[in-house]
Amino acid sequence: MSNLLDEVFTPLNIVLSAIIAALTWTLFGPRKGSASQDDQPAVKILPKMKRRDMTVVELREFDGTPEKNDGRILVAVNGTVFDVTRASHYYGPGGPYAAFAGRDASRMLATFCLKAVEGPPVYDDLSDLKSSEMDQVKEWFLQFKEKYDVVGKLLKPGDEPTDYSDNEEATDGGQNTSTEAP
Ligand code: HEM
């Protein structure tokens, strides 16, 4: 028994556990200046958005800043735009995944990187990603599809937006029921 304990509580294991705990706390612990546990704001609920396709430039306007679009937060993954406003604790300003807000998060998710490319929005065709990285993107796409409302397609340069006027009640990804980008 004491041998087992000696093996579990090695200095290396203790240091690694401390690092993991510190990272989790940094990402998910209470933020400086945020409300206390008791008066946490409720999950943000906005009326469901009408279906619409958008360019990366239009997407950037939905980064969760309160003065833009009521603080609505959209994130694109694998060519589909999702409304993640109800998870503003993750994606809102100061949240651990705020870098994804108003952006195509595919590359960041594929490469496990939380730093957004700076500068004006540019469409990313992801063509240089390895197939294992594209598999990650598709996995994340399925998770987002499971959890969040689809708003529409992320438009490539030159793409025309779909006219959804006859189809506003559609509730799922429509054009993107597979894991392929639409
Ligand atoms: C030490 C590093 C990290 C830790 C400890 C961590 C931990 C977590 C935890 C605990 C959750 C919440 C699961 C839940 O309650 O549903 C989560 C969600 C998530 N993480 Fe991380 N994470 C880390 C790094 C990253 C990185 C590098 C990325 C991507 C670049 C990432 C992307 C996500 C996403 C997209 C979600 C889902 C949020 C949602 O449900 O909308 N994480 N992570």
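The model is predicted, so local features need pLDDT of at least 70, side-chain atom pairs count only at pLDDT 80 or more, and totals for chains, interfaces and linings use all residues. Residues are numbered from 1 along each chain as its sequence is written, and side-chain values use heavy atoms, with hydrogens and water left out.

Let's start with the rings. Searching the whole structure gives eleven aromatic pairs (Phe, Tyr or Trp rings, the six-membered one for Trp, with centres within 6.5 Å; planes under 30 degrees apart are stacked, over 60 edge-to-face, the rest tilted). Phe 82 and Phe 144 make a tilted one, with 5.7 Å between centres and 50 degrees between planes. Phe 82 is in strand S2 and Phe 144 in helix H6, 62 residues apart (DSSP runs: helices are H or I, at least four residues; strands are E, at least two; numbered from the N terminus). Both residues are buried, meaning under 20% relative accessible area with a 1.4 Å probe, protein chains only.

Ring pairs also join Phe 82 and Phe 144 into a cluster whose members include Trp 140 and Tyr 97.

Which residue is the only protein donor of the ligand's iron atom? That is Tyr 97, through OH at 1.9 Å (donors are N, O and S atoms within 2.8 Å of the metal, 3.2 Å for Na, K and Ca; water is not among the atoms, so sites may look incomplete). Tyr 97 sits in the loop between helix H4 and strand S3.

Finally, confidence: pLDDT, the predictor's per-residue confidence from 0 to 100, averages 84, and 76% of residues score at least 70.

Technical notes: Buried < 20%, exposed > 50% of the residue type's maximum accessible area, 1.4 Å probe, protein only.
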